[in-house]
Amino acid sequence: MSNFLSSSIGKKLLMSITGLFLVTFLFIHLSLNALLLVNDGGEMFNAAAHFMATNPIIKIMEPILALGFIIHIFYASLLTLQNQKARGKDRYASGNSTPDVSWASKNMYILGATILAFLVVHIAQFWVKFKITKELTPVHIDIAGVETEVENAYALVNQTFGMLWVVIVYVLGSIGLAWHLSHGFWSGLQTIGFSNTIWRTRWSVIGTIIAWIFGLGFSLIAILQYLFFQS
Amino acid sequence: MEKNINLKLKVWRQDGPKAKGRFETYEVKNISTDSSFLEMMDVLNEQLIQEGKEPVAFDHDCREGICGMCSMYINGHPHGPDEDITTCQLHMRKFKDGETVTIEPWRSAAFPVIKDLMVNRNAFDEIIAAGGYVSVSTGGVPDANSIPIPKEAADEAMDAASCIGCGACVAACKNGSAMLFVSAKVSQLALLPQGKVERARRAKAMVAKMDELGFGNCTNTGACEVECPKGVSITNIARLNREYLMAKFKD
C-alpha cells in the first residue's frame with residue numbers, strides 16, 4: 001500500500017478523491033447558504049444552522065472534512081514540488097505557446113492557494129466565532145411548531161456581509177474556486193480513469209457548469225446580502 | 001509559391017552534458033520556403049563548416065515523420081509552430097522573411113542534453129523494457145481474423161500505436177510528465193487480446209519505471225495531446241489510470 005501511495009498515480013488518486021469529496025461538501029454548503037436569501041429575518045437559516053450544529057452525522061463529518069482539506073493541500077504541494085523538479089532547471093527561452101490549454105489547468109496550485117487564503121479569512125469570520133469564541137446570541141424560533149432556542153447565526157452572517165471589503169473578498173474567493181473547479185472536476189474523474197472520448201467532453205462541460213454554479217452562487221449570496229438584506 | 005527567405009536563428013549551443021550552454025545567433029540567407037526545417041539546419045551547418053566553426057548537433061533520421069528522432073523546441077513549440085507534424089515535416093513557409101527563430105533542445109530533467117540540440121531519450125527505452133511488450137509465445141503466423149477483435153478496439157489500439165516515442169509530450173508538459181507516451185504504449189497492447197494477458201504486470205512495471213526515472217506527475221492540462229505529432233489522445237491517459245488502479249487494487 002505504501003508502494004501504491006508513493007506512485008504518481010496513487011498520489012493523484014488521493015488528490016482526485018479528496019477533491020471530489022470537497023465538491024460534495026460545497027453542494028451542501030451552497031444549498032444551506034441559499035436560505036440566506038429567504039426573506040424571513042433569518043429564521044430558516046438559523047433552523048438549518050441549528051440542525052447542522054446538533055446533528056451527530058455532521059459532527060463526524062467535520063473532522064473528515066478537515067482531513068480532506070489537509071490531504072488535498074499536502075499532496076498538491078508534494079506533487080507540485082516533484083513536477084518542478086521533473087521539469088528541470090532550464091526554462092524555455094521561447095516560452096510555451098501551446099494553444100488550447102486552459103490557464104486554470106496550468107495554475108491549479110496558485111488557484112488553490114487563493115482558495116486557501118480565502119478559507120483562512122472565512123474560518124476566522126465564522127467558524128471561530130461559532131465554535132471557539134461563541135459570539136452568537138440566542139434567539140427563539142419556531143421549528144415545526146415547537147419553539148426552540150437556537151443561536152442567531154444569521155445575525156453574524158448578515159452583519160459580516162454588511163461590510164463592503166468582506167463582499168469583495170468573498171466574490172474573489174468564489175471566482176478563484178470556480179476557476180479551480182473548471183479544471184479540477186473533470187481532471188479528478190480523468191485521474192480515476194472514468195473518462196473516454198465521449199465522457200471527456202461531457203465531464204468538462206459538467207465541470208464548468210458546476211464550477212460556475214458555485215462561483216456565481218456564493219458571490220450572489222454575498223452581494224445580495226450586502227445590497228438588500230441590511231437593516 | 002516558392003520564394004526565398006532570410007532568417008535570424010537563435011540556437012542553443014552546449015558542448016557536452018556537463019558544460020554550460022548558451023544561445024548563439026546565426027543568419028541564414030536564401031532559404032527556400034519549400035524546404036524543410038531540417039534542410040534549413042543542413043544549410044546552416046554547411047555554412048558553419050565553411051566558416052571553420054563547429055556544426056550544430058541535432059537528432060534526425062528518417063526525415064519522413066515516422067522515426068521520432070528529430071526533436072527541437074522551436075518558437076515555443078516542440079517540433080515548431082505547425083500541427084501534427086515532426087520537425088522534418090515542418091516547412092519553411094511557416095516562417096516569415098526576416099523572422100528570428102529560437103531553437104532549443106527538449107528540456108526535462110529526465111531528458112538531459114547530450115550536445116547542442118540533442119537530448120538523451122534513453123528513459124523511454126527503459127520504460128518500454130520494463131513492460132511495453134508481449135512475452136507470450138505466439139508460435140507461427142496465425143490466419144488473418146482467426147482472433148476476433150472489435151473494430152473500435154482495433155482502431156483505438158492503432159491510434160495509440162501511432163506514437164513514435166519522440167518525447168514532444170514530455171517537452172511540452174509543464175510537469176515533465178511522460179504519461180501520454182506510457183499510456184499510448186500501455187493502450188496499444190491492453191486493447192488487444194494478445195496484450196491483455198500481461199496487462200496488470202505491464203501497467204504496474206511501466207508506471208513504476210516512469211516514476212523512478214524522474215518524470216513528473218500528470219495534471220491533465222492536455223498540452224501533450226496538442227503538441228503530439230501523431231495526435232495521440234489523452235483518453236489513453238484515462239485508460240492507463242484505469243489499468244494501473246485496477247491492477248493495484250487486485251493485489
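This is a predicted model: local features need pLDDT of at least 70, side-chain atom pairs count only at pLDDT 80 or more; totals for chains, interfaces and linings use all residues.
Let's start with chain B. Its secondary structure comes to nine helices and seven strands. Along the principal axes, the C-alpha atoms of chain B fill a box of roughly 60 × 40 × 35 Å. Chain B has 251 residues, and 45% of them are buried. Now take the contacts in chain B between residues at least 6 apart in sequence. Of these, 70% join residues at least 24 apart.

Next, the sheet. Chain B has an open sheet of five strands. Read across, the order is β2-β1-β5-β3-β4, and the pairing is mixed. Which strands of chain B stand at the edges? They are β2, residues 22-32, and β4, residues 77-78. Each has a single partner strand, so one side of each has no neighbour in the sheet.

Strand β1 of chain B, residues 4-13, pairs with β2(B) in the antiparallel sense. That pairing runs over nine bridges.

You will find Ala130(B) in helix α2 of chain B, residues 122-131. Is Ala130(B) buried or exposed? Ala130(B) has 20 other C-beta atoms within 10 Å, so it is buried. And 20 is the cut-off for buried. Leave aside residues up to four places away in sequence. Then Ala130(B) touches Ala205(B), Met206(B) and Lys209(B). For a distance, take Ile237(B): 107 residues from Ala130(B) in sequence, and 18 Å from it in space, C-alpha to C-alpha.

Over to chain A, and to a pair of helices. The axes of α2(A) and α4(A) come within 9 Å and cross at roughly 140 degrees. That angle makes α2(A) oblique to α4(A). The crossing is left-handed. Who makes the contact? From α2(A), the residues include Leu14(A), Met15(A), Leu22(A) and Phe25(A). From α4(A), they include Leu65(A), Phe69(A), Ile71(A) and Leu79(A). By class, the contact of α2(A) with α4(A) has twelve nonpolar, four polar and one charged residues.

Phe126(A) sits in helix α6 of chain A, residues 108-132. It counts 14 other C-beta atoms within 10 Å, so Phe126(A) is partly exposed. Now compare sequence and space for Phe126(A) and Pro99(A). They are 27 residues apart in sequence and 42 Å apart in space, C-alpha to C-alpha.

Last, where the two chains meet. How many residues does each chain give to the contact? Chain A gives 37 residues and chain B gives 39. The largest share, six residues, comes from α4(A). So which classes are on that side of chain A? The residues there divide into eleven nonpolar, 18 polar and eight charged.

Methods: Residues are numbered from 1 along each chain as its sequence is written. Chains are lettered from A and ligands numbered from 1 in the order in which they are written. Two strands pair if DSSP finds at least two bridges between them. Helices (H or I, at least four residues) and strands (E, at least two) are DSSP runs, numbered from the N terminus. A residue is buried if 20 or more other C-beta atoms lie within 10 Å of its own, exposed if 12 or fewer, and partly exposed in between; C-beta atoms are placed from the backbone. Two residues are in contact if their C-beta atoms, placed from the backbone, lie within 7 Å. Ala, Val, Leu, Ile, Met, Phe, Trp, Tyr, Cys and Pro count as nonpolar, Asp, Glu, Lys and Arg as charged, and the others, Gly among them, as polar. Axes are lines fitted to C-alpha atoms, for helices over the stretch in contact, and angles run from 0 to 180 degrees between N-to-C directions. Angles under 35 degrees count as roughly parallel, over 145 as roughly antiparallel, 65 to 115 as roughly perpendicular and the rest as oblique. A crossing is left-handed if the near helix is turned anticlockwise from the far one by less than a right angle, and right-handed if clockwise.
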